[in-house]
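Thank you all for coming. I would like to walk through one model with you, and I will ask you to keep the sequence and the structure in view while I talk.

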Amino acid sequence: MGLVGLYGFHECYFRAMASAPQIEANILAETWPLQMVVYSRLVLKQRVSPRALAGVLLGFCGAAVLAWRGAPLSFGRGDLPGYGLALLAGSCWALYSILLKKQDRDGRPCDLLAGVGATFLFSGIVLAAVRTF
């Protein structure tokens, strides 16, 4: 989980910041709360109301309008990979959050804290290994 959540988010986020306009990429990366609603339906099988789905759709439309600065054809094609990475960063964080919730369904906070600690440790080791090469 740590590889997807912590390392995946930061790797995609910083690559997005380097390959697309930073403000627009940040707006797209911060769609993770909207993505959590989608993942809660797909992963946790939670019921999502039509009102919540409409809110998610409206939120994504708003993020797109802000990222495109109100003119959908105004962004350069060279920015598209960065925008994709920004959305992927948000998706990593949303999926990480949902998987943590799924793991803690038994309600044992000590297990959750141990899992988060192990995630931090594992992510740090992977990050150190990747950045050394």
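Let me begin with a definition: a residue is called buried when its relative accessible area is under 20%, exposed when that area is over 50%, and partly exposed in between. Please also keep in mind that this is a predicted model.

With those cut-offs, consider G59, which is found in helix 4; its relative accessibility is 26%, and therefore G59 counts as partly exposed. G59 and T31 are separated by 28 residues in sequence, while their C-alpha atoms are 7.9 Å apart in space.

Which residues of helix 3 are buried? In this helix, which covers residues 32-42, they are L34, Q35, Y39 and S40.

Turning to helix 5, which spans residues 80-103, we find K102 within that run, and because its relative accessibility is 42%, K102 counts as partly exposed. K102 also belongs to a positive surface patch, which it forms together with R41, K45 and R47.

Finally, I would point to helix 6, residues 109-132, where G124 is found. G124 has a relative accessible area of 38%, so G124 is likewise described as partly exposed.

Technical notes
Residues are numbered from 1 along each chain as its sequence is written. This is a predicted model: local features need pLDDT of at least 70, side-chain atom pairs count only at pLDDT 80 or more; totals for chains, interfaces and linings use all residues. Side-chain values use heavy atoms; hydrogens and water are left out. Patches are made of residues with over 30% relative accessible area and no salt bridge: like charges are joined within 9 Å, nonpolar side chains (Val, Leu, Ile, Met, Phe, Trp, Tyr) within 5 Å. Accessible areas come from the Shrake-Rupley method with a 1.4 Å probe; for residues, only the protein chains shown count as cover. A salt bridge is a side-chain nitrogen of Lys or Arg within 4 Å of a carboxyl oxygen of Asp or Glu. Lys and Arg count as positive and Asp and Glu as negative; His and the chain ends are not counted. The place of a charge is taken as NZ of Lys, CZ of Arg, CG of Asp or CD of Glu. Helices (H or I, at least four residues) and strands (E, at least two) are DSSP runs, numbered from the N terminus. Buried means under 20% relative accessible area, exposed over 50%, partly exposed in between (1.4 Å probe, protein chains only).
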